[in-house]
Amino acid sequence: PWPTSLVRMFKTQRVADVIYERMLRNMSPKLLSTVLRIFRAIESLPKPAAASAAPAASAAPAERHRRERDVWQSSTRCGMQLVWMDKSNSVLSAVDVNSFWTDLSGLHKEEYINRYFSGELSLPTSEVRQFMKIVLFASH
């Protein structure tokens, strides 16, 4: 079985599972072994303690996210995809993309979001580049 953290990152990309399965299966055995060790090591790290926030403080992150989304939505030079997941169970709750991103994908925003939720997107880059983005994301 694949490490949970690796599967979770694949799921947030919402690309068909067969693409990621093929990507992993086509790796050299040595590289695949290294990748699996890294992700299993990440999973063994202690989890940070959850910060307890006062109810009044919860409005500040929502406002910050709204402002960030507004800035990215207006970008004409950079693609943006925002994904919201329920932290308690890692279930996808929402996604948003800007017009630059949908222009790159060749899809209307509504079609992109529908394909995202149904897991029918194609990779936005080569398999190697996409996997490196996932590894980079995991390291943060």
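This briefing covers a helix pair and one further helix. The model is predicted: local features need pLDDT of at least 70, side-chain atom pairs count only at pLDDT 80 or more, and totals for chains, interfaces and linings use all residues. Residues are numbered from 1 along each chain as its sequence is written, and side-chain values use heavy atoms, with hydrogens and water left out. Helices (H or I, at least four residues) and strands (E, at least two) are DSSP runs, numbered from the N terminus.

**Helices α1 and α2**

- Helix α1 spans residues 4–13 and helix α2 residues 17–25; they pack at an angle of about 135°, with axes 10 Å apart.
- Axes are lines fitted to C-alpha atoms, for helices over the stretch in contact, and angles run from 0 to 180 degrees between N-to-C directions.
- The two helices, α1 and α2, are therefore oblique to each other (angles under 35 degrees count as roughly parallel, over 145 as roughly antiparallel, 65 to 115 as roughly perpendicular and the rest as oblique).
- Leu 6, Phe 10, Lys 11 and Gln 13 of α1 make the contact with Asp 17, Tyr 20 and Leu 24 of α2, where contact means heavy atoms within 4.5 Å.

**Helix α6**

- Tyr 112, Ile 113 and Tyr 116 are buried in helix α6 (residues 109–118), buried being under 20% relative accessible area, exposed over 50% and partly exposed in between (1.4 Å probe, protein chains only).
- The buried residues of α6 pack against α1, β1 (81–86), β2 (91–97) and α5 (99–105).
- Gly 119 follows α6 and has a positive phi, near 70°.
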